[in-house]
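Here is a short report for a reader new to this structure. Look over the sequence and the model first, then read on.

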Amino acid sequence: MKIEKELTTCQDFNNMVVQYYAEVIKLLEKHHIKTHLGFQGHPEGTISYLLVMNYLEIVRRTTEVKTQSDKVFTGSDVGKMRQYFNGLFESEIDYSKALIDMGCGGPDWKDTYWTKLPKVIGLELNYLRLLEARKVFPDEKKVELVFSPTGMTDFPDNSIPQVLSSAIITSVTPNIAQLHLRECWRILEPKGKLIIARVQTKSLKNIIKGGTFTEFNGVYGAFNQVLSKKEFCSLVDKCCPNNKWVKFKKMGFRLPLIPAQIKHDMYDWKYFKYLDAFINAVIPHMAIHFLAVIEKQ
Ligand SMILES: C[S@@+](CC[C@H](N)C(=O)[O-])C[C@H]1O[C@@H](n2cnc3c(N)ncnc32)[C@H](O)[C@@H]1O
């Protein structure tokens, strides 16, 4: 309460955060990683909420990344499955234009889409992941890395030709998902495309259980939330006005009784995308993820 009284203007708040992150900001600058505080246009309450929740997210992810690798078959969304899902959104990218990857993670994209683009901006809350990325992408002109403790940016309105949000909106709280989508939309150029990939779907199991808007299992982060198609579409329409839906796709399907290794191998099959499209066309509520491409009018 005392702190709130003292923080009368955004400038006070800004200074406090800069002080808190001073050492980090200095270290990042040394590695040509910028910091965006992204306070403009947001009430202090919103910014405090983002800072607290995102700080918890950084702590959680830092411990998770140490113990878990996306390169091994440990979950439902890694290995060959992951490569398949990424392949689908990568084919929606325009490789002649710059792209911002909102919540990019670390250096994982060194052999895939980042290297094919003329310019990439990778924005992340977890600065340790950015430091890892800088080692792999030393060319700061081609790969601009941005640390944002709020998830918001300092880029002007309508300034970025294409925006990618992969595995974010169902990994964060519903409030943050909305703020994130609004920010993606704000910075996107008119006629530019927002690619929203790997949105965790509400499955038949969730529906039978009577799942509400979100499943928030008491742990912040990593696919704790699910959305039905209707919920996802209305969330996008609410946060991204004047839009045109260019693509909506379901990706993957759940096979509860099949061993994980067999499922993963299936995703590597040459004709899997046809089977995937067929299953998702005839059986509702089997899909694992949604993929959407939205154009700003
Ligand atoms: C599940 S990972 C996805 C990483 C990567 N985009 C991918 O597709 O693998 C979620 C990432 O989003 C970041 N993140 C969490 N909240 C965010 C927010 N509000 N804005 C931007 N990024 C966020 C996390 O730090 C984490 O690296």
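## Overall make-up

The protein chain has 12 helices and eight strands. Helices (H or I, at least four residues) and strands (E, at least two) are DSSP runs, numbered from the N terminus. This is a predicted model: local features need pLDDT of at least 70, side-chain atom pairs count only at pLDDT 80 or more, and totals for chains, interfaces and linings use all residues. Residues are numbered from 1 along each chain as its sequence is written.

The protein chain has 297 residues, and 34% of them count as buried. A residue is buried if 20 or more other C-beta atoms lie within 10 Å of its own, exposed if 12 or fewer, and partly exposed in between; C-beta atoms are placed from the backbone. Two residues are in contact if their C-beta atoms, placed from the backbone, lie within 7 Å.

## Strands 5 and 6

Strand 5 covers residues 160-166. Six of its seven residues are buried, so strand 5 is largely enclosed by the rest of the structure. Strand 6 covers residues 188-200. It is mostly covered, with 10 of its 13 residues buried.

Strands 5 and 6 run parallel and are joined by six bridges. Two strands pair if DSSP finds at least two bridges between them. V163 has L194 of strand 6 as its bridge partner. The chain gets from strand 5 to strand 6 through helix 8, and this β-α-β crossover is right-handed. That term applies if, with the strands pointing away from the viewer, the path from the first strand over the helix to the second runs clockwise. S165 stands opposite I196 in strand 6.

## Further strand partners

Strand 2 (residues 99-102) runs parallel to strand 5, and two bridges join them. Here D101 stands opposite L164 in strand 5.

Strand 6 also pairs with strand 8 (residues 287-296), in the antiparallel sense, over six bridges. K193 stands opposite E295 in strand 8.

In soluble globular proteins, nonpolar side chains tend to be buried together. The largest nonpolar core here holds 61 residues, of which V163, L181, C184 and L194 touch the most other members. Helix 8 supplies the largest share of this core, seven residues. A nonpolar core is a set of buried Ala, Val, Leu, Ile, Met, Phe, Trp, Tyr and Cys residues joined through C-beta atoms within 7 Å.

What does V163 touch, not counting residues up to four places away in sequence? The list is I100, M102, C184, I187, L188 and L194.

## Around the ligand

The ligand has 20 residues around it, and G103, G105, G151, S166 and A167 come nearest. Helix 4 (44-67) and helix 8 (174-187) are the elements that give two or more residues to this shell. Helix 4 gives the most, with three residues. A residue is near a molecule or strand if its C-beta atom, placed from the backbone, lies within 6 Å of it.

By type, the shell divides into eight nonpolar, eight polar and four charged residues. Ala, Val, Leu, Ile, Met, Phe, Trp, Tyr, Cys and Pro count as nonpolar, Asp, Glu, Lys and Arg as charged, and the others, Gly among them, as polar.

Most residues other than glycine have a negative phi. H32 is not a glycine, yet its phi is positive, about 55°. H32 is found in the loop between helix 3 (22-30) and strand 1 (33-35). It counts as partly exposed because it has 14 C-beta neighbours inside 10 Å.

K191 also has a positive phi, near 75°, in a residue other than glycine. K191 lies in strand 6. Is K191 buried or exposed? With 11 C-beta neighbours inside 10 Å, K191 counts as exposed.

## Two loop residues

F39 is found in the loop between strand 1 and helix 4. F39 is buried, because 20 other C-beta atoms lie within 10 Å. F39 and F13 are 26 residues apart along the chain, and their C-alpha atoms are separated by 9.0 Å.

S228 sits in the loop between helix 9 (204-208) and helix 10 (229-239). S228 is partly exposed, with 18 other C-beta atoms within 10 Å. S228 and Q200 are 28 residues apart in sequence, and 8.8 Å apart in space, C-alpha to C-alpha.
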